[in-house]
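User: I have a model open and want a quick tour. Can we start with the surface?

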Amino acid sequence: MKHERLELKNYFDFLGEEGRNPTLDIYLPYNMVEMKREKQIRPCMLICPGGGYGMCSEREAEPVALHFLPEGFNVFVLTYSVEPNRFPTQIREVAAAVELIYKNAEEWNCDTEKIAIMGFSAGGHLAAHYSTMFDCKEVRAVFPESKSVNASVLCYPVINANARTAHMGSFINLLGHQPETKEEEDYFSCDKHVREITPPAYIWHTAEDGCVPVKNSLLYAGALAEKGVPFELHIFPFGGHGLSTCDSQTIDDMTSVFEYNSAWLTDLKKWLKLIF
């Protein structure tokens with residue numbers, strides 16, 4: 001396996017403005033010459049950790065990436081800019097990561113028709129935001145040919161910016177304030193931007209999530225259903241928020257609840273084979 005950390009500012013100067021330094025960790029399985037696989041192309045998984053747009057969680061980064069290498073994926077972990085950096089910084093950094101995957105597709109053996117984006121909590125908002133608004137004016141201003149992804153994986157995601165539903169801390173960190181108008185609220189609510197071209201989604205949440213209400217996932221699933229976009233939705237009854245891989249690598253005190261919820265990873269791997 002090849003692992004390397006790329007500083008995005010070295011490829012796109014403007015991403016280093018105001019002291020920012022977003023990075024992209026790449027994990028590339030070795031294509032075994034012995035088995036005549038040196039030209040094998042692989043699907044890609046781009047991971048956006050959570051952290052309320054105030055940090056990028058380590059638990060939702062490499063431990064997740066290592067689950068998808070054995071599944072034949074090239075995996076990329078984006079450590080994006082957080083508070084006090086505001087929108088559109090983060091969505092542009094996702095666009096930059098996608099650009100690099102396309103630009104290096106031959107060298108990295110990437111199948112650019114099979115790129116999935118995965119996000120946790122606020123990283124789920126970022127993943128859904130890019131999935132629905134990859135071609136918004138803020139992205140197209142710097143990446144005129146910005147590209148969509150082919151699937152999204154949303155793990156207990158922040159979706160809607162309405163005060164009754166939102167994890168408001170994420171939006172305060174992203175915008176510098178709570179959404180102040182209905183127009184602003186709608187602009188940052190990912191369920192409001194689902195289109196027929198929005199990629200299929202795998203979504204999971206827990207019903208007792210006290211941090212990001214489960215209604216966020218229900219709203220996104222409902223919007224996908226309305227537009228006829230395929231999706232799979234899993235709502236686990238217990239377990240709270242921020243469960244990551246639901247195993248001892250990311251949870252200190254394992255219980256039967258976490259073991260039960262860990263089924264999301266097994267089901268996701270099956271879903272990805274179905275979609276890709």
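User: Is Val33 buried, exposed or in between, and what is its relative accessibility?
Analyst: Val33 counts as partly exposed, at 49% relative accessibility. Buried means under 20% relative accessible area, exposed over 50%, and partly exposed in between (1.4 Å probe, protein chains only). This is a predicted model: local features need pLDDT of at least 70, side-chain atom pairs count only at pLDDT 80 or more, and totals for chains, interfaces and linings use all residues. Residues are numbered from 1 along each chain as its sequence is written, and side-chain values use heavy atoms, with hydrogens and water left out.

User: Where is Val33?
Analyst: Val33 sits in the loop between β2 and β3 (42–48). Helices (H or I, at least four residues) and strands (E, at least two) are DSSP runs, numbered from the N terminus.

User: New topic. How many salt bridges are there?
Analyst: The structure has nine. A salt bridge is a side-chain nitrogen of Lys or Arg within 4 Å of a carboxyl oxygen of Asp or Glu.

User: What does Glu99 pair with?
Analyst: Glu99 forms a salt bridge with Lys147, at 3.0 Å from N to O. This pair links distant parts of the chain, 48 residues apart: Glu99 is in helix α2 (residues 89–103), and Lys147 is in the loop between α5 (137–140) and β6 (151–155).

User: Is Glu99 buried or exposed?
Analyst: Glu99 is buried, with a relative accessible area of 15%.

User: And which partner does Lys182 have?
Analyst: Asp186 is the partner, with the closest N and O atoms 2.8 Å apart. Both lie in helix α7 (residues 182–187), four residues apart, about one turn of the helix. Lys182 is partly exposed, at 48% relative accessibility.

User: What about Lys2 and Glu4?
Analyst: Their side chains meet in a salt bridge too, at 3.5 Å from N to O. Lys2 is partly exposed at 36%, and Glu4 is partly exposed at 33%.
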